[in-house]
Amino acid sequence: MDTALGFDGEVVPDGARFVAWRDQSLLQSVEAAGIPWPSACRNGTCRTCLGTLTLGEVRHTVPWPGLSADEKSERCVLPCVAQPLSHLVLRRAPLW
Ligand code: FES
């Protein structure tokens, strides 16, 4: 799916698939598909939802997402404040 409404999304390593809606955060899209994903603040500060993009592009909807420059270069993403720009694959953080 790559339409005006959204893109294909996948969570690895478990392979769960979801629709990454253009007008929703990745966290909302993942949750709407029934995929468990940790969250707390839901505003980009606590880092509970941290993941990594292994494919695709997102834009963060806040100017401060709680990521260091190194994390950004390593394609870390905070799904609660990220919206999809393409088909994407989202990797769970290694601690959970
Ligand atoms: S839930 Fe807190 S940064 Fe995403």
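Five strands form an open sheet in the order S2-S1-S7-S3-S5, with mixed pairing. Strand S2 (16-21) and strand S5 (76-77) are the edges; each has a single partner strand, so one side of each lacks a neighbour in the sheet. Strands here are DSSP E runs of at least two residues, helices are H or I runs of at least four, and both are numbered from the N terminus. Two strands pair if DSSP finds at least two bridges between them.

This is a predicted model: local features need pLDDT of at least 70, side-chain atom pairs count only at pLDDT 80 or more, and totals for chains, interfaces and linings use all residues. Residues are numbered from 1 along each chain as its sequence is written, and side-chain values use heavy atoms, leaving out hydrogens and water. The protein chain averages a pLDDT (the predictor's confidence in each residue, from 0 to 100) of 92, and 96% of the residues score at least 70.

Strand S1 (residues 6-12) and strand S7 (residues 88-92) run parallel, joined by four bridges. Val12 has Arg91 as its bridge partner in S7.

Now the packing. The largest nonpolar core has 22 residues, and Phe18, Leu26 and Leu88 have the most contacts inside it. Such a core is a set of buried Ala, Val, Leu, Ile, Met, Phe, Trp, Tyr and Cys residues joined through side-chain atoms within 4.5 Å. S2, helix H1 (26-32), S5 and S7 each give two or more residues to this core. H1 supplies the largest share, three residues. Beyond four places in sequence, Leu88 is in contact (heavy atoms within 4.5 Å) with residues including Phe18, Leu26 and Leu53.

Salt bridges come next: a side-chain nitrogen of Lys or Arg within 4 Å of a carboxyl oxygen of Asp or Glu. The count is five. Arg92 pairs with Asp14, with the closest N and O atoms 3.1 Å apart. Arg92 lies in strand S7 and Asp14 in the loop between S1 and S2, so the pair ties together parts 78 residues apart in sequence. Arg92 is buried at 13% relative accessibility; Asp14 is partly exposed at 45%. Buried means under 20% relative accessible area, exposed over 50%, and partly exposed in between (1.4 Å probe, protein chains only).

Arg17 and Glu10 form another salt bridge, at 3.6 Å, N to O. Arg17 is exposed at 58%, whereas Glu10 is buried at 17%.
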